[in-house]
Amino acid sequence: MIMSQCSKSATIWRRITRTVGRVRAERACFRLGSLVGVCLLSTCVPSRVAGQQSPPATGPLGTASPSTIRAVGEAKRDKPFVNSLGMKFVPVSGTRVLVGIWETRVADFQAFVREAGYAWNSGGKRMPAGDQPVNFVSWQDAAAFCKWLSQKEGLDYRLPSDKEWDVAVGRDRYPWGNEFPPPPAAENLSGQESGLQHFIKGWRDNHRGIAPVGSYPANKSGLHDMGGNLQEWCDDWYDNGVYREHLAANKGGDRFGEDREKAIKSGNVFRVVRGGAWTSCIGPQASSGHRDAMKPGESNQFTGFRCVLVDPTKR
């Protein structure tokens, strides 16, 4: 009888996740006290599939203490919520999330790799200091980190949606304002200090390569490095709607090649990547509306991610 009920519950679970998404479904699971809830809970931890990582669960969503939930709800730009890793989050008006004020750091990601036993392919590169943003992370790596952190803290962490990132970056043409090049040392881009073949002539910042997080001024939402340092993974698939936004932001310029455009039209090939990087040297690369596209399994030295935290007081 129990096994039969659990089999039915597993079917219900699959239907629920298709309808409302896995995160909301997991949260509902942990609030259920019935046999159905118990059976559903047994399906909340995904089984390992060949070639995929499934970090072990260390705690269910929704188990954060009342004081922690209150601290999240009371966070402000000048009083960010600080989690157990020291990551800082501030609310962004127009969204239901708190956004990390900087990109996920090497130290944060190393804690995940160490505690979860995650098999991360860092490209064979020696990692920089712990307060620098982590790079050589795929979308899959970033999503796995967010899932682990959610289970670790009993809160809902994830990658930002394209629309959330759009609100967070602001309405100016660039994260720092409307002029390019930006004011001196306003962002970590490719200036004369970079030693790269392509750079912004007559302009420089304070770092030849990747800079420690928080080294450059925050934007109007209190967020650092939205236009430089590392470009950042978003949660969304890159579809025709996203591509139209990208072209509109750059006044029809910065088109992709024909093969990439065909892949975008076919759907579910690329994930959205936002922002500029320390190698960016032309306006479109660092503009607020720039949207690059990468396959979820790809990683490189220019790409990292920042997390958002869903505000549990605004559900």
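Ala185 sits in the loop between helix 7 and strand 5; helices (H or I, at least four residues) and strands (E, at least two) are DSSP runs, numbered from the N terminus. This is a predicted model, in which local features need pLDDT of at least 70 and side-chain atom pairs count only at pLDDT 80 or more, while totals for chains, interfaces and linings use all residues. Residues are numbered from 1 along each chain as its sequence is written, and side-chain values use heavy atoms, with hydrogens and water left out.

Most residues other than glycine have a negative phi, and most peptide bonds are trans. Ala185 has a positive phi of about 55 degrees, although it is not a glycine. Ala185 is partly exposed, with a relative accessible area of 22%; here buried means under 20% relative accessible area, exposed over 50%, and partly exposed in between (1.4 Å probe, protein chains only). Pro181 also lies in the loop between helix 7 and strand 5, and the peptide bond from Phe180 to Pro181 is cis, with omega near 0 degrees.

## Other positive phi angles

Asn268 is not a glycine, yet has a positive phi of about 55 degrees. You can find Asn268 in the loop between helix 9 (258-266) and strand 6 (271-274), where it is exposed, with a relative accessible area of 54%. Gly117, which follows helix 5, has a positive phi near 65 degrees.

Next, look for an open sheet of 4 strands, with the order 7-6-5-8 and mixed pairing; two strands pair if DSSP finds at least two bridges between them. Strand 7 (291-294) and strand 8 (303-304) stand at the edges with a single partner strand each, so one side of each has no neighbour in the sheet. Strand 5 (residues 231-237) and strand 8 run parallel and are joined by 2 bridges. Gln231 stands opposite Thr303 in strand 8.

## The nonpolar cores

In soluble globular proteins, nonpolar side chains tend to be buried together. In this model the largest nonpolar core has 33 residues, and those with the most contacts inside it are Phe81, Phe145 and Phe305. A nonpolar core is a set of buried Ala, Val, Leu, Ile, Met, Phe, Trp, Tyr and Cys residues joined through side-chain atoms within 4.5 Å.

In helix 5, Val106, Asp108, Phe109, Ala111, Phe112 and Ala116 are buried, and what covers them includes helix 6. Thr104 is buried, with a relative accessible area of 1%. Leaving aside residues up to four places away in sequence, Thr104 touches residues including Phe145, Phe305 and Cys307, where contact means heavy atoms within 4.5 Å. Counted in that way, the contacts of Phe305 include Thr104, Phe109, Phe145 and Trp233.

## Cavities and a pocket

Rolling a probe the size of a water molecule over the atoms shows where empty space is left. The structure holds 2 cavities of 30 Å³ or more. On a 1 Å grid over the protein atoms alone, a cavity is a set of points where a 1.4 Å probe fits but cannot get out, and a pocket is an open set with protein on both sides within 12 Å along at least five of seven lines; lining residues have an atom within 4 Å of a point. About 40 Å³ of space lies in the largest cavity, and its lining includes Met87, Trp102, Glu103 and Cys307. The second largest cavity has a volume of about 30 Å³ and is lined by residues including Val99, Trp165, Met226 and Val308. Helix 7 (residues 162-169) gives the most to that lining, with 3 residues.

The second largest pocket holds about 270 Å³ of space; grid points are joined across faces, edges and corners, and a volume is the space filled by probe spheres set on the points. Of the 13 residues that line this pocket, Asp166, Val169, Gly170, Arg171 and Ser288 lie nearest its centre. Helix 7 gives the most to the lining of this pocket, with 3 residues.
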